[in-house]
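Please read the following report alongside the sequence and the coordinates.

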Amino acid sequence: MARKAEAKGVGAKAKGTVLCKIDAVPQEGVLQCGAGERKVCVARAGDQFFAFQPDCPHKHSPLCEGAMEGHVLTCLDHMWQWDIRTGEPQGLAEQPIRTYKLRRDGDTLLLVD
Ligand code: FES
């Protein structure tokens with residue numbers, strides 16, 4: 001079962017489900033994480049982190065095995081692409097991907113959706 005945590009925001013407390021340590025997410029890469037029974041992909045672009053659905057909306061290939069360049073994720077099976085900040089399709093992609101809100105608590109990333 002996923003561990004629940006409280007993260008201190010500015011002037012408020014926010015809860016979330018612990019996903020992973022920041023250092024576990026490769027620079028310009030993607031890591032699959034579990035939050036309870038839910039699986040999500042976490043990508044890193046510089047010092048920013050983004051979470052999104054684990055399967056490609058085209059033919060369900062694992063998006064955690066995709067390639068990152070800046071804020072663009074590419075599914076390597078058929079080259080669909082998305083802006084991971086919004087999930088909006090780019091290039092050949094015909095459907096968006098679902099994105100999730102993350103919160104940073106020290107060296108840990110929390111899923112807050
Ligand atoms: S399965 Fe991802 S682009 Fe086709």
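Which residues does L19 touch, not counting residues up to four places away in sequence? L19 touches C33, A35, V40, V42, L109, L110 and L111, where two residues are in contact if their C-beta atoms, placed from the backbone, lie within 7 Å.

## Basis of the model

This is a predicted model, in which local features need pLDDT of at least 70 and side-chain atom pairs count only at pLDDT 80 or more, while totals for chains, interfaces and linings use all residues. Residues are numbered from 1 along each chain as its sequence is written.

The protein chain averages a pLDDT of 88, and 88% of the residues score at least 70; pLDDT is the predictor's confidence in each residue, from 0 to 100. Over residues 6-13 the pLDDT is below 50, and this stretch has nine contacts in the model beyond near neighbours in sequence.

## Overall architecture

The secondary structure of the protein chain comes to zero helices and twelve strands, with helices (H or I, at least four residues) and strands (E, at least two) taken as DSSP runs and numbered from the N terminus. Of the 113 residues in the protein chain, 27% count as buried. A residue is called buried if 20 or more other C-beta atoms lie within 10 Å of its own, exposed if 12 or fewer, and partly exposed in between, with the C-beta atoms placed from the backbone. Among contacts in the protein chain with a separation of 6 or more, 35% are between residues 24 or more positions apart.

## The nonpolar core

The largest nonpolar core has 24 residues, and those with the most contacts inside it are L19, V40, C41, V42, A43, A51 and F52. At least two residues of this core come from each of β2 (13-21), β3 (30-35), β4 (38-45), β5 (48-52) and β12 (108-111), and β4 gives the most, with four residues. A nonpolar core here is a set of buried Ala, Val, Leu, Ile, Met, Phe, Trp, Tyr and Cys residues joined through C-beta atoms within 7 Å.

L102, in strand β11 (residues 102-105), touches F49, A51, L109, L110, L111 and V112 when residues up to four places away in sequence are not counted. L102 is classed as partly exposed because 18 other C-beta atoms lie within 10 Å. L102 and G16 are 86 residues apart in sequence, yet their C-alpha atoms are 8.3 Å apart in space.

## The open sheet

Four strands form an open sheet in the order β3-β4-β5-β10, with antiparallel pairing; two strands pair if DSSP finds at least two bridges between them. The edge strands are β3 and β10 (99-100), each of which pairs on one side only. In general, strands of a sheet pair through backbone hydrogen bonds, either parallel or antiparallel.

Six bridges join β3 to β4, and within this pairing L31 has V42 in β4 as its bridge partner. These two strands form a hairpin with two residues between them, and G36 in the turn has a positive phi of about 70 degrees. Five bridges join β4 to β5, where A45 stands opposite Q48 in β5; in that hairpin, which also has two residues between the strands, G46 takes a positive phi near 65 degrees. β5 and β10 pair in the antiparallel sense over two bridges, and A51 stands opposite Y100 in β10.

## Positive phi in the loops

Most residues other than glycine have a negative phi. With 13 C-beta neighbours inside 10 Å, E28 counts as partly exposed.

M79 is found in the loop between β7 (72-74) and β8 (81-83), and its phi is positive, at about 65 degrees, although M79 is not a glycine. M79 counts as partly exposed because it has 13 C-beta neighbours inside 10 Å.
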